[in-house]
Amino acid sequence: QAQLVESGGGSVQAGGSLRLSCVNSGRIFSSAVMGWFRQAPGKEREFVGLIRWRGGSPLYADSVKGRFTLSKESYDTVWLQMNDLKPEDTAVYYCAKGSQYSTSRADYTFWGQGTQVTVAS
């Protein structure tokens, strides 16, 4: 049974916005960290942002800082608001759950199935 399910992907024009959600159905501890990563065709999966479940300021990759915003809702949902999207943001976006404050995908134990984001120029 999947613990993390992403949704909200789609196709937009450059400059547009999308809002991704990640719903967690597994156990979650207050120390948990929820991360977002993305993978473009032919490229490595890269860090996008993370947020501690217990709160605090999110951390963002330089490439999305000022355009993407992470937030969490209730006990099961993390949102990734993506504004001013660029063609280079095109990728499959994954949410992940881990226990360390880390930008490394190796430190995340549970992963969602991914949702496609396509930005046309």
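Leaving aside neighbours within four places in sequence, which residues is Phe-68 in contact with? In this predicted model, the list runs to Arg-38, Val-48, Tyr-60, Leu-80, Gln-81, Met-82, Asn-83, Leu-85, Asp-89 and Tyr-93.

Some of those names come up again in the core. The largest nonpolar core has 32 residues, and Phe-68 is among the members that touch the most others, along with Trp-36, Val-78, Leu-80, Met-82 and Tyr-93.

Now for the charged side chains. The structure holds five salt bridges, including these:

| Salt bridge | N to O distance |
|---|---|
| Arg-38 and Glu-46 | 2.6 Å |
| Asp-89 and Arg-38 | 2.9 Å |
| Lys-65 and Asp-62 | 3.0 Å |

Take Arg-38, which pairs with Glu-46 and also with Asp-89. Why does Arg-38 count as buried? Because its relative accessibility is 5%, and buried means under 20%. Glu-46, at 35%, counts as partly exposed. In the other pair, Asp-89 and Arg-38 are both buried. Asp-89 sits in the loop between β8 and β9 while Arg-38 belongs to strand β4, so this pair ties together parts that lie 51 residues apart in sequence.

As for Lys-65 and Asp-62, they are both exposed.

Technical notes
Residues are numbered from 1 along each chain as its sequence is written. This is a predicted model: local features need pLDDT of at least 70, side-chain atom pairs count only at pLDDT 80 or more; totals for chains, interfaces and linings use all residues. Side-chain values use heavy atoms; hydrogens and water are left out. A nonpolar core is a set of buried Ala, Val, Leu, Ile, Met, Phe, Trp, Tyr and Cys residues joined through side-chain atoms within 4.5 Å. Buried means under 20% relative accessible area, exposed over 50%, partly exposed in between (1.4 Å probe, protein chains only). Contact means heavy atoms within 4.5 Å. A salt bridge is a side-chain nitrogen of Lys or Arg within 4 Å of a carboxyl oxygen of Asp or Glu. Helices (H or I, at least four residues) and strands (E, at least two) are DSSP runs, numbered from the N terminus.
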